[in-house]
Amino acid sequence: MEYLSSDKIAVIDLAAGEVEELELDEELVAQRIGGAGITSHLYAQYQDEDPIVLGAGLLTGTLVPASSLAVATGKSPLTGTLVHAPLTQYAGQELKYSGFDYIVIKGTAPEPVFLWIHDGIADIEPAGELWGAEVWQAVSQVRAQMGDELIQVLGAGPAAERGSDLGQLMINEWASGDRFGLGRALAAKKVKLIAVRGMGLLEIAEEEDFLAGCLELLKAVKAGAWGGRQGLGELGAALGYDDFAAWLEPKLHRHHAAFNTPFAYLGFLMLEGDPKAMNEPQADEPGVLVGDPGALGALKALGLNVEEAGDILKACAKAGLDAAGVAKVCQGRGITAAADILAALEDISGPVEGLSGPFSTWAPLGLAPDEASWRRRMAVAHVFGLDPIFMLMAPELSEDKLVELAALGTELEITTDTLEAVVEAIAG
Amino acid sequence: MGIKIDPLKCIACMACELACGYHRDDAFALLSSCVVVYRTRERKDYFGVVLKEEDSLVIARPEGLEVKKIGAAEEDSGGGDASAKPMLLREACDLCEDRDDGPLCIQVCPVEAVYQD
């Protein structure tokens, strides 16, 4: 696969401690496009060894607006079914430029390990003291060990290691869109984390036309309903959360965006110091980055103030727990006081009611007109590698335009019929 | 007139960095960019943008701009954060002189944090 690709798949056999490298067949891309289209194909190929398959979308890491997404495909400990966990922030582009398009992690390691993916090399390394470490400590440690502060870490926390099915696949120190307990699935393989660094280069088939298409899409997005807006407050208002912006205000610091995503929905809650100060905070761990409007909304609905919610989100991030799942389980058990929720985190687990389907409701259903259109947008986002939340906000990122860019970028015959078949295959 | 950066408008999306890499390499890559989002202090939510110009490094920190002459900047780490390729080893901004539409980083910034007067 020559374009928008590193032309390589890593198949990591944990039991044998071996890595096999395969070429990414153009024919496979022409049939399944990318992202969840191909991770699900690889999952089926190695199904007997219970794999987790990581992959970027065909357009991840390009100038197509919202090109932030990577996908983790595997069997959810919570639902027992095949799921696609969305991984945004900087994880998608880092994976895309790592020298691998897809990474199949199969079997179980005899001893705890971590995976080091960089420069077209996939290594299996002993986890050592990383195993058992809380998430933030593990992120610092692996970056120090590898000597690169820009490494992106997809990892499991202590909650996942102890078998909690709320154990999320984290992105660095922060929550991801994984509602399915894939952190637990990773830890069950005796893999603590996957450290990824991407410094590669992606060739483009028709580069000038591709760029022109990207700029046209960005222009359309900026002129759209969400152009010129940003933040969790705006998002919460659209989701019908009462007085959300005012509730956030006392602790809200700044917003930032996932990679090349025009709407900044990642909000930092500054829990120590002045949230409005813009100089570098003195405290090493002054707050928590929140990219999960649903989790925040659920904690607010329990009657908590933003500081209490922030403390819980930070504790969940360190333990590697899905905070939305935590809020749901606590609500079901009648645990609503902040101190009681924090105390419950030590041994909290599922089940979580109402989970179904292959896509995460981290990208809120409330941003779509109905469930069918939500599912379709999720499928398209997970195939092309586009931010699922932004895909719900930006109808300008139309299927026709994305198919056109996919064909321009690769010189492959990718059509709306191709997309239709892939959507059908992954969304049912 | 050089490129200006408003660090408080910046949302750290890296679109400018990717665009600059495209301008240099006619492909998607980040190692050649002369405009870089520094983001290694994510745990503190402290981020900004570094721009390499012909004679200076422009460091757009949240609390304000700093301009370092290249000779002075060489005495420290390069005015930014850890990155795969030090800023001082990168090509200086040429304002995308081969493009009729001007600097690509300005065109792709979704929040007008990168601009020209």
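Over all chains, the structure holds 22 salt bridges. The model is a predicted one. Side chains of opposite charge can pair when their charged atoms come close.

**Salt bridges within chain A**

- A:Asp148 and A:Arg197 join their side chains in a salt bridge, with N to O at 2.8 Å. A:Asp148 belongs to the loop between helix H4 (135–146) and strand S9 (152–155), and A:Arg197 to strand S11 (residues 191–197), so this pair ties together parts of chain A that are 49 residues apart in sequence.
- A:Asp148 counts as buried because its relative accessibility is 16%, under the cut-off of 20%. A:Arg197, at 5% relative accessibility, also counts as buried.
- A:Asp322 and A:Arg179 form a salt bridge whose closest N and O atoms are 3.4 Å apart. A:Asp322 is in the loop between helix H11 (306–319) and helix H12 (323–333), while A:Arg179 is in the loop between strand S10 (170–171) and helix H6 (182–188); the pair therefore ties together parts of chain A that are 143 residues apart in sequence.
- A:Asp322 is buried, its relative accessible area being 4%, and A:Arg179 is buried at 9%.
- A salt bridge of 2.8 Å, N to O, brings together the side chains of A:Lys401 and A:Glu216. This pair links distant parts of the chain, with A:Lys401 in helix H16 (residues 399–410) and A:Glu216 in helix H7 (residues 207–222), 185 residues apart.
- A:Lys401 is partly exposed, with a relative accessible area of 31%, and A:Glu216 is partly exposed at 46%.

**Where chain B meets chain A**

- In the contact of the two chains, 39 residues of chain B meet 54 residues of chain A.
- The area that chain B and chain A bury between them is about 4000 Å², and 58% of it lies on carbon and sulfur atoms. On the side of chain B, the residues losing the most area to chain A are B:Phe28, B:Arg43 and B:Lys44, which together account for 24% of what that side buries.
- Five salt bridges are counted between chain B and chain A. In one salt bridge, the side chains of A:Lys222 and B:Glu112 meet at 2.7 Å, N to O.
- There are 19 residue pairs in polar contact across the interface. In chain B, helix H1 (15–25), strand S2 (28–29), strand S3 (35–41), strand S4 (46–52) and helix H3 (104–108) each supply at least two residues of the side that touches chain A.
- Helix H1 of chain B gives the largest share of that side, five residues. By type, the residues of this side are 25 nonpolar, three polar and eleven charged.
- Strand S12 (residues 201–202) of chain A is joined by two bridges to strand S2 of chain B, and the strands run antiparallel. Opposite A:Leu201 stands B:Ala29 in S2 of chain B.
- A network of salt bridges links B:Arg43 with A:Glu134, A:Glu173, A:Glu285 and A:Lys318.

**The surroundings of A:Glu94**

- A:Glu94 is placed in helix H3 (residues 91–96) of chain A. A:Glu94 is buried, with a relative accessible area of 0%.
- Not counting residues up to four places away in sequence, A:Glu94 touches A:Leu150, A:Gln152, A:Val196, A:Arg197, A:Gly198 and B:Arg39.

How values were computed
Residues are numbered from 1 along each chain as its sequence is written. Chains are lettered from A and ligands numbered from 1 in the order in which they are written. This is a predicted model: local features need pLDDT of at least 70, side-chain atom pairs count only at pLDDT 80 or more; totals for chains, interfaces and linings use all residues. Side-chain values use heavy atoms; hydrogens and water are left out. Helices (H or I, at least four residues) and strands (E, at least two) are DSSP runs, numbered from the N terminus. Buried means under 20% relative accessible area, exposed over 50%, partly exposed in between (1.4 Å probe, protein chains only). Contact means heavy atoms within 4.5 Å. Buried area is the accessible area (1.4 Å probe) that two parts lose on being put together, summed over both. A salt bridge is a side-chain nitrogen of Lys or Arg within 4 Å of a carboxyl oxygen of Asp or Glu. A polar contact is a pair of N or O atoms within 3.5 Å; within protein, one must be able to donate a hydrogen and the other to accept it, and residues adjacent in sequence count only if both atoms are side-chain atoms. Ala, Val, Leu, Ile, Met, Phe, Trp, Tyr, Cys and Pro count as nonpolar, Asp, Glu, Lys and Arg as charged, and the others, Gly among them, as polar. Two strands pair if DSSP finds at least two bridges between them.
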